[in-house]
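Dear colleague,

Please find the structure below, handed over for your use. The findings follow directly after it.

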Amino acid sequence: MTRRFLFVLGSSRLDGNTELLARRAAEQLPDDVEQQWISLADHPLPDFVDLRRDSDHVRAPLHTNAGLLLDATLAATDIVIASPVYWYSVSGLTKRYLDYWSGWLRTPGVDFKATLAGRTLWGVAVLADREPSVADPYAGLLHNSAAYLGMRFGGVLLGNGSGRGDVLKDTEALARAKEFFAGEAPLARFPHESV
C-alpha cells in the first residue's frame with residue numbers, strides 16, 4: 001500500500017508554530033508519499049453526541065466535515081495529529097475529532113478499528129514550556145489511542161515556542177523534524193501490557 005499521510009491540524013491559529021513544525025517534518029517525506037492537510041478550524045465538527053447505548057451511528061455524508069474527516073482518516077496509512085499543547089493535552093478541536101472516533105467505531109459498514117489496525121499514529125506539538133515532560137498527557141492520549149486501535153505509534157515531535165514563528169528558532173526541534181518520519185514505528189501497547 002502506498003503511504004498516505006493525513007495531517008490533522010488542531011490549532012485555531014493559521015500557520016501556527018505546530019503547523020510550521022509539522023510542515024518541516026513533512027518536507028522530509030519522499031515525493032511519492034501522498035499528503036493531505038485538513039485544518040479542523042476550517043472544517044469544524046459539531047459537538048460529539050455519544051449514542052453508544054441509544055442507537056447505531058449513521059455515516060455522515062461525504063460533503064459534511066464529519067464525512068470528509070472520516071474518509072480521509074480511513075484512507076490514511078499515517079495519521080499525524082498536529083495540535084499545540086493546550087492545558088497539557090490536545091486542543092479542543094483535536095479532542096472533538098478524536099471523540100468522533102468513538103462514533104466511527106460503531107458506524108455500520110465502516111469497520112473503523114480493523115481499518116486503522118496496523119497503521120501509524122504520530123503527534124506534532126509545540127508547547128510554551130522548556131520542560132518536555134509537561135506534554136506527557138498529550139503523548140499518553142495519542143499512545144493509548146493507538147494501542148486501543150492496534151496501531152503503530154511514532155511518538156510526538158515536540159517543539160518550543162509561544163510567539164508566532166518561535167518554533168523556527170528551536171534548532172533541536174527542527175533537527176528532530178528531519179528524522180521524525182524516518183523508519184518504522186513500533187506497535188503501540190498500553191503501559192500495563194507486557195512486551
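Helix 1 (residues 17-26) is mostly covered, with 7 of its 10 residues buried; buried means under 20% relative accessible area, exposed over 50% and partly exposed in between, with a 1.4 Å probe and protein chains only. The buried residues are Asn17, Thr18, Glu19, Leu21, Ala22, Ala25 and Ala26. Their cover includes strand 1 (4-9), strand 2 (34-39), strand 3 (78-82), strand 4, strand 5 and helix 6 (171-179). Helices (H or I, at least four residues) and strands (E, at least two) are DSSP runs, numbered from the N terminus.

Please note that this is a predicted model, in which local features need pLDDT of at least 70 and side-chain atom pairs count only at pLDDT 80 or more, while totals for chains, interfaces and linings use all residues. Residues are numbered from 1 along each chain as its sequence is written, and side-chain values use heavy atoms, with hydrogens and water left out.

The strands form an open sheet of 5 strands in the order 2-1-3-4-5, with parallel pairing; two strands pair if DSSP finds at least two bridges between them. Strand 2 and strand 5 are the edge strands, each pairing on one side only. On average, neighbouring strands of this sheet are turned by 15° against each other, direction ignored. Axes here are lines fitted to C-alpha atoms, for helices over the stretch in contact, and angles run from 0 to 180 degrees between N-to-C directions.

Within the sheet, strand 1 and strand 3 run parallel and are joined by 5 bridges. Phe7 stands opposite Val80 in strand 3. Strand 4 (residues 120-127) is likewise parallel to strand 5 (residues 152-160), with 7 bridges between them. Thr120 has Arg152 in strand 5 as its bridge partner.

Strand 4, helix 5 (residues 136-149) and strand 5 make up a right-handed β-α-β unit: with the strands pointing away from the viewer, the path from the first strand over the helix to the second runs clockwise. Helix 5 lies across strand 3, strand 4 and strand 5, and runs at about 165° to strand 5.

Finally, Thr94 belongs to helix 3 (residues 92-105). Thr94 counts as buried because its relative accessibility is 1%. Not counting residues up to four places away in sequence, Thr94 touches Gly10, Leu40, Ile81 and Ser83, where contact means heavy atoms within 4.5 Å. The side chains of Thr94 and Ser83 also make a polar contact (3.4 Å). A polar contact is a pair of N or O atoms within 3.5 Å; within protein, one must be able to donate a hydrogen and the other to accept it, and residues adjacent in sequence count only if both atoms are side-chain atoms.

Yours sincerely
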